[in-house]
Amino acid sequence: AYASRRDGEVSFALRTPRRAYGFHAGRSERSASVVKAMLLVAYLRQRSVRSRPLAPADRALLAPMIRSSDNDAASRAFGIVGDAGLNAVARAAGMRRFESGGGFWGSSRITAGDQARLFERIDARLPERHRAYGLRLLRTVVAAQRWGIARTRPEGWTLYFKGGWGSGSGAVNHQAALLRRGPERLGLAVLTSGNPSHAYGSETLHGVARRLLRGLESAPVGLVQQPKESGLPGLTASVGHLRRAP
């Protein structure tokens, strides 16, 4: 109800290891800088990188791309992994509607459902040797970019996230995140476009996330743990209202 009252277009998806929820979760949006998380995974998964120690040059490229959302670093990383690298990450994560940008990373097309699916298991998509490093970058985004979901982190949960926005215009303002507490995890993505301003979009991100994550700080351990049975339910993308996948 809150999302439907906001100006512009709003979509979101939330995944636990047991369930998936969404509001317009299959709507395609221009990715902006959210796709830099996929660039990070694609770079670290390269055969020439995944099994060796990271060199200073690797860290000098990846750290500013994620922590301060440096566009020049993203363009250099994209020049290395290309559309093929992004598409490989999408396939590995089971993303259903991702479209690479055809030469420019920021023009890639994403959905909230796909981004929640990616982030809920983004640690598993990172090569084991570089998993801690990749997660550390996503955990230490600079303070100036910690709006929206970052303002709603429940106490006791660790947040790993990436945002994307339209140079302060409000054209797009997206965030996707993994939240973990011990063995528990959930993936969350909120995408907005056509906002009256950047501040308005940021408030929408905060408002949606606050409602979805309410009560997690006091939730009993085990609420969002991986069940013993194998397999995850598919995400149900709804039109106009929130639905739960069976």
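## Helix packing, a strand pair and salt bridges

Helix 2 and helix 7 are roughly antiparallel to each other, a label used for angles over 145 degrees, while angles under 35 degrees count as roughly parallel, 65 to 115 as roughly perpendicular and the rest as oblique. This is a predicted model, in which local features need pLDDT of at least 70 and side-chain atom pairs count only at pLDDT 80 or more, while totals for chains, interfaces and linings use all residues. Residues are numbered from 1 along each chain as its sequence is written, and side-chain values use heavy atoms, with hydrogens and water left out.

Let's begin with helix 2, residues 36-44. Helices here are DSSP runs of H or I with at least four residues, strands are runs of E with at least two, and both are numbered from the N terminus. Buried means under 20% relative accessible area, exposed means over 50%, and partly exposed lies in between (1.4 Å probe, protein chains only). Contact here means heavy atoms within 4.5 Å.

Two of these neighbours can be described through their axes, which are lines fitted to C-alpha atoms, for helices over the stretch in contact, with angles running from 0 to 180 degrees between N-to-C directions.

| Helix pair | Axes come within | Crossing angle |
|---|---|---|
| Helix 2 and helix 3 | 9 Å | roughly 160° |
| Helix 2 and helix 7 | 11 Å | roughly 165° |

Helix 2 is thus roughly antiparallel to helix 3. Handedness is worth a look too: a crossing is left-handed if the near helix is turned anticlockwise from the far one by less than a right angle, and right-handed if clockwise. Helix 2 crosses helix 3 in the left-handed sense, whereas its crossing with helix 7 is right-handed. On the helix 7 side, Ala37, Leu40 and Leu44 of helix 2 touch Gly134, Leu137 and Leu138. Towards helix 3, the residues of helix 2 that make contact are Lys36, Ala37, Leu39, Leu40, Tyr43 and Leu44. Their partners in helix 3 are Asp58, Leu61, Leu62, Met65 and Ile66.

Now to the strands. Strand 5 (residues 158-165) is largely enclosed by the rest of the structure, because six of its eight residues are buried. Strand 5 runs antiparallel to strand 6, and eight bridges join the two; strands pair if DSSP finds at least two bridges between them. Within this pair, Gly163 stands opposite Gln175 of strand 6. The hairpin formed by these strands has six residues between them, and in this hairpin Ser167 takes a positive phi near 55°.

His24 has a phi near 50°, a positive value in a residue other than glycine. His24 sits in the loop between strand 2 and strand 3 and is buried at 17% relative accessibility. Ala32, also not a glycine, has a positive phi near 50°. Its place is the loop between strand 3 and helix 2, and Ala32 is buried with a relative accessible area of 7%.

Finally, the charged pairs. Side chains of opposite charge can pair when their charged atoms come close. How many salt bridges does the model hold? The count comes to seven, with a salt bridge taken as a side-chain nitrogen of Lys or Arg within 4 Å of a carboxyl oxygen of Asp or Glu.

One of them joins Glu9 to Arg27, with the closest N and O atoms 3.1 Å apart. This pair links distant parts of the chain, 18 residues apart: Glu9 belongs to strand 1 (residues 9-15), and Arg27 to the loop between strand 2 (20-23) and strand 3 (29-30). Glu9 is partly exposed at 38% relative accessible area, and Arg27 is partly exposed at 23%.

Another salt bridge pairs Arg180 with Asp123, again with closest N and O atoms 3.1 Å apart. Because Arg180 lies in strand 6 (residues 172-181) and Asp123 in helix 6 (residues 122-125), the pair ties together parts that are 57 residues apart in sequence. Arg180 is partly exposed, with a relative accessible area of 22%, while Asp123 is buried at 8%. Salt bridges that share partners join Asp123, Arg180 and Arg185 into one network. Arg181 forms a salt bridge with Glu184, where the closest N and O atoms are 2.8 Å apart; Arg181 and Glu184 are both buried.
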